[in-house]
Amino acid sequence: MIVTLIVVCEVGFWVLLAAGLATRYLLKMPRTGIALLLCEPLLEVLLLVVTAIDLKNGAYPSWKHGLAALYIGYTVGHGHRTVKWLDGHAAHRFGGAPRPPKPPRYGMARARHEGKVWLGSVTAAAVASGLLLLAALYVGDDGNTDSLYGWIFVAWRAAGIHGLIALSYAIWPKKAPEGAASAVPARDPEHVPDLLVRRPSKDEEQV
């Protein structure tokens, strides 16, 4: 039942997201669209309540309850960033807003971006760990809680691996390919690429 509910919550997340964005930009009903987007956390609350009831009714703590905690943690840690990214693209495509900037690809700017994404994974692991600890306390000594504590290790191991990947961008920053346009101070226009500053034509130079 828990696994089925996780699938339902995942499908419901994308359905509510699509409905909220369509209502906001296609139907021109921004308040209704925001209301639909705000309903998404209710899916995680539903999953949490059902998981707690399942344990209260004597269900054996298993990987399904741990997976539910990880899913809720991931949604808390990365869900807002996903919604914001899709909302920016929907606003550009259907609302006439500027195209959202792409994340940086090179140098320390890329490292800082990866670090921010990693903080989402840390948040996810912290939320999942809190839920798993509460579940273990809820079950008490009457049940086997080893699997719940094991999922805490899984959550932090995933955050640790992600952290090492993010750290690699700071230790070995990715260099931009040669010839790529880079930002140069405007006070030194001679070194600004032609794509950024239009050079005068021959007629303008003669004048």
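In this predicted model, Lys102 sits in the loop that links helix H4 to helix H5, the latter spanning residues 107–139. Lys102 counts as exposed because its relative accessibility is 73%, and exposed residues are those over 50%.

After H4 comes Gly96, and the phi angle of Gly96 is positive, near 75°.

Thr75 also belongs to helix H4. With a relative accessible area of 15%, Thr75 is classed as buried, because the limit for that class is under 20%. A polar atom of the Thr75 side chain lies 2.9 Å from the backbone oxygen of Tyr71. Leaving aside residues up to four places away in sequence, Thr75 touches Glu44 and His80.

Turning to aromatic rings, a search of the whole structure returns 1 aromatic pair. This pair is made by Phe13 and Trp14 in an edge-to-face arrangement, with 5.2 Å from centre to centre and 90° between the planes. The two partners can also be described by their accessibility. Phe13 is buried, at a relative accessible area of 8%, whereas Trp14 is partly exposed, at 41%.

Conventions. Residues are numbered from 1 along each chain as its sequence is written. This is a predicted model: local features need pLDDT of at least 70, side-chain atom pairs count only at pLDDT 80 or more; totals for chains, interfaces and linings use all residues. Side-chain values use heavy atoms; hydrogens and water are left out. Helices (H or I, at least four residues) and strands (E, at least two) are DSSP runs, numbered from the N terminus. Buried means under 20% relative accessible area, exposed over 50%, partly exposed in between (1.4 Å probe, protein chains only). Rings of Phe, Tyr and Trp (its six-membered ring) pair if their centres lie within 6.5 Å; planes under 30 degrees apart count as stacked, over 60 as edge-to-face and the rest as tilted. A polar contact is a pair of N or O atoms within 3.5 Å; within protein, one must be able to donate a hydrogen and the other to accept it, and residues adjacent in sequence count only if both atoms are side-chain atoms. Contact means heavy atoms within 4.5 Å.
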